[in-house]
Amino acid sequence: MRLPDWLIYLLVFIALVSGVFRANEDADAPPAPPDVEGGAPLPAESPFDPKVYVEAGPAAPGTGTAFTVAPDGVWLSARHVVDGCGRVGIAVNDREAVAARVTFARDADVAILRTEGGPDGLSLDLDDADMAVGEAGFHIGFPQGRPGEVASRLMGRERLITTGRRQGEEPVLVWAEIGRTRGLRGSLGGLSGGPAFDARGQVVGVTIAEEPRRGKIYTAAPSAVARFIGRAKLTPQGEPAEGID
């Protein structure tokens, strides 16, 4: 049976339109994160870990995320969020902020902010000996200036090499993004400085960078955060969040 010409043209048109829309949907999407085999213990830090390079631009005002680790107004954030600011404050709402004093880490993209009082702290677990490749991570904060979150899986370790205005090298954990707040597209700028939770609700790192084209998120290594807190003679006090799924 011969199909009518109009039906053939219609089928071809539908195929072409379908292909165009599919291409547009994926045009700005990063490649799918690599498959991560779960269960293997996270390897120990090594100077031979793969390296990733970022460039620190000129000093400029910025916004990001911070979270409390003690009830007397002690916060953690990313150093690059605040190191270009003449004055630093914690936003309470859209119109108010409280002033914060800042201490920078020398060898990590982490900063301590201190305010006059604050909410209860979050619980830190900076012992990565029991972490496993493939375990779940949850990055909470203010991407693009709005509340949001990203879900991820732990891929392993790398060393972050910073060039430009600030130079340094630090150990980081690498996470493969697997999901994010509905409607959140594009850059995760503003998520920097936010807590990275494990499934138990413990904070296991500070979110410091993203690699959008590869679907990667970087957090300061637990050991780097622990060293900074120790040098600052800080005693974190906090309760774990509820389990996260």
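**Entry 1: strand β9 and its partners**

I began with strand pairing and found that six bridges join β9 to β10, the two running antiparallel. The model is predicted, with local features needing pLDDT of at least 70 and side-chain atom pairs counting only at pLDDT 80 or more, while totals for chains, interfaces and linings use all residues. Residues are numbered from 1 along each chain as its sequence is written, and side-chain values use heavy atoms, with hydrogens and water left out.

For pairing I used the rule that DSSP must find at least two bridges between two strands. Strands (E, at least two residues) and helices (H or I, at least four) are DSSP runs, numbered from the N terminus.

I noted that G141 stands opposite G148 in β10. In the hairpin of β9 and β10, six residues lie between the strands, and Q144 there takes a positive phi near 60 degrees. I then looked up strand β12 (residues 195-197), which is joined to β9 by two bridges and runs antiparallel to it. Here F138 stands opposite F197 in β12.

Buried means under 20% relative accessible area, with a 1.4 Å probe and protein chains only.

**Entry 2: residue V74**

I located V74 in strand β3. Its relative accessibility is 5%, so V74 counts as buried. Not counting residues up to four places away in sequence, V74 touches F67, T68, V69, I112, L113 and L234; contact means heavy atoms within 4.5 Å. I also checked A100, which is 26 residues from V74 in sequence and 9.3 Å from it in space, C-alpha to C-alpha.

**Entry 3: the largest pocket**

I recorded a volume of about 750 Å³ for the largest pocket. Of its 26 lining residues, T63, G64, G89, I90 and A91 are the closest to its centre. A pocket is an open set of points on a 1 Å grid over the protein atoms alone, where a 1.4 Å probe fits, with protein on both sides within 12 Å along at least five of seven lines; lining residues have an atom within 4 Å of a point. Grid points are joined across faces, edges and corners, and a volume is the space filled by probe spheres set on the points.

Which element supplies the largest share of this lining? That element is β4, with three residues. I found that β3 (74-77), α2 (79-82) and β4 (89-91) each supply at least two residues.

How values were computed: Buried means under 20% relative accessible area, exposed over 50%, partly exposed in between (1.4 Å probe, protein chains only).
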